[in-house]
Amino acid sequence: MKHLRFWTLWRRNSRVWRKHVMATLIGNLGQPLLFLLAMGYGIGHEMQTIDGLTYLQFLAPGLVTSSVMYSAAFETTYGSYTRLSMQKTYEAILMTPLGITDIALGEIFWGASKGLLSAIIMLAMLPLFGVWPSIWTLALLPVLFMSGVFFAAFGLIMTALASSYEFFNYFISLILTPLFLFSGIFFPLKTIVPSARIFFELLPLTPIVTLSRMLCYGQFHEPWLLKIAGSLLLTLFTCWLSVIFLRKRLIQ
Amino acid sequence: MTSTQTAPQTAGAVTPAAGDDIIVQVSGLCKFFGSRRAVDNVSFTIRQGECVGFLGPNGAGKTTTINMLLGLVEKSGGTMRIMHLDIPAQQQEAKCFIGVVPQTDSLDPDLTVEENLLTYASYFNITGRKARAKSAELLEFFALANRRQEIIEHLSGGQRRRLLLARALINEPKLLILDEPTVGLDPQARHLIWERLEILQQQGTTMLLTSHYLDEVEHLSSRVLILDHGKIVAQGVPQQLITELVGIDVFVIEGTTAELDALEKSFKQCEATTERVNDKLYAYTQEDCSRLESLLKKSRSWLRRPANLEDLFIQLTGRSLRES
Ligand SMILES: Nc1ncnc2c1ncn2[C@@H]1O[C@H](COP(=O)(O)OP(=O)(O)O)[C@@H](O)[C@H]1O
Ligand SMILES: [Mg+2]
């Protein structure tokens, strides 16, 4: 099973993860759930519906995608950087038949799996807030996994460039937080003037948020295939880049 | 600990066909970091069943050479073959046959002792019952069986190093590469490791070994390569090299400058090379000079001992300290 070697690294990570499941789950799910509670319940009551959705309904699918983004990206930054620098896990792995590509894929798929898991848990909890996802939500899961792959690969590039944990502050403040705020999770992008809107539509999280909202409520008013195809291309490109950057970092 | 224990099986025990016993072949290997020549035109061969000692002061280029064999450092020039596989083109295949004890501890602190071995085994596609049996065998051999469920943090330095060795043997390697496997350990821990290496060596495991404990290298290695400033300055059978390049006996004599000056002259007449370090005279004799011992009675202190690898090492690489 030569081409599935990366899977062994995935299993190594899951073995470690199982030892402290609760702590990591709370870490990954805490923020989006609190947002849902505060924004959805707190200020949601005062707001009119958006495209026929209550504010809570509008917000929920987007927050699910943000939990994918954060779980995947945190795993391949803080988690991977610890393995890269302090624990020398990659160095040890490179003495086995696994290569750089296997390490990158193992880490990326692991990060994406954690992202998908937080998404599933959040989706399963939505009925508690009175939000009922449609059956189409099952089709959303692979899309969310793909988004997890993208953000895990992005995080891994940051890890390959990092010289300390502080470096990730840039990644979070300059990339993840703006994406969280401006990808149409909290307000509809329609409200932005068309000339500026195109920029926000092209942010990597935006199509995922849109798809998430569409599939969650079984609506198909937007060009979903285009969004999936575009995101997939971007994801593949980012994975390829992450292998290049990781090789630069690990091989002198 | 007894050394009568059975050693874990390694692939080294198999006798190869004649002429087909070359495990490592390196020729003209170079590595430049900017203008620094870390490894400069290094060539050597390691045959089946040999234990080759790789010596040199800090910064000589030992780790860089090993890392090039492992594909962790890109070569600047030269060719490398392991088991007739071209490195780095067939690196991944070659790694199936190699076991490595790295210079820096890279045990997985998130996993227990046994999980470390099982996880590492899985990278070699060794799983299930086979992996568990191999891991149990190795833990037994390295006296870690009662530490199976321990987390890595709770192990002593010696135990960690033994676990690194066990990990390196998990794939029954044809070539075992050890980069300073006993550095920083107390004598007891060191001896336990050397005892195990000796068993592996007797059993025919091919090894490439770097260490700063030269007496131990001398004891284990059938051949040594001495590296300095990235170049091989000598290679051969340790005892032969010592006799050829250093001599048979070493006299170390303390005394006043005048006394030592006089003694130096006498030793020169007896085919000896001499060296003065502070208020000491070192004389390396190429023939039996025991007749000179009567002259030494007046000296503050003196001793005579057989020349060893350390003398050779100092002779070739000098006494000055090296920055690593
Ligand atoms: N990544 C690197 N970048 C620049 N110089 C390096 C690097 N790695 C090693 N060196 C230099 O190469 C030389 C050989 O180092 P090394 O192989 O570690 O020596 P040894 O293992 O024999 O002590 C040293 O001068 C070291 O400073
Ligand atoms: Mg070294």
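A crossing is left-handed if the near helix is turned anticlockwise from the far one by less than a right angle, and right-handed if clockwise.

## Basis

This is a predicted model, in which local features need pLDDT of at least 70 and side-chain atom pairs pLDDT 80 or more, while totals for chains, interfaces and linings use all residues. Residues are numbered from 1 along each chain as its sequence is written, and side-chain values use heavy atoms, without hydrogens and water.

## Helix pair in chain B

Helix α8 (residues 238–245) and helix α10 (residues 309–317) of chain B have axes that come within 9 Å and cross at roughly 55°. α8(B) passes α10(B) in a left-handed crossing.

In contact (heavy atoms within 4.5 Å) are B:Pro238, B:Leu241, B:Ile242 and B:Leu245 of α8(B) with B:Leu309, B:Leu312 and B:Gln315 of α10(B). By class, this contact has 6 nonpolar, 1 polar and no charged residues.

## Magnesium site

B:Thr63 (OG1) and B:Gln103 (OE1) coordinate the magnesium ion (ligand 2) at 2.0 to 2.4 Å; donors are N, O and S atoms within 2.8 Å of the metal (3.2 Å for Na, K and Ca), and water is not among the atoms, so sites may look incomplete. B:Thr63 lies in helix α1 (residues 62–69) and B:Gln103 in the loop between β6 (98–101) and α3 (113–123) of chain B, so the pair ties together parts 40 residues apart in sequence.

B:Thr63 is partly exposed at 25% relative accessibility, as is B:Gln103 at 38% (buried is under 20%, exposed over 50%, partly exposed in between; 1.4 Å probe, protein chains only).

Methods:
Chains are lettered from A and ligands numbered from 1 in the order in which they are written. Helices (H or I, at least four residues) and strands (E, at least two) are DSSP runs, numbered from the N terminus. Axes are lines fitted to C-alpha atoms, for helices over the stretch in contact, and angles run from 0 to 180 degrees between N-to-C directions. Ala, Val, Leu, Ile, Met, Phe, Trp, Tyr, Cys and Pro count as nonpolar, Asp, Glu, Lys and Arg as charged, and the others, Gly among them, as polar.
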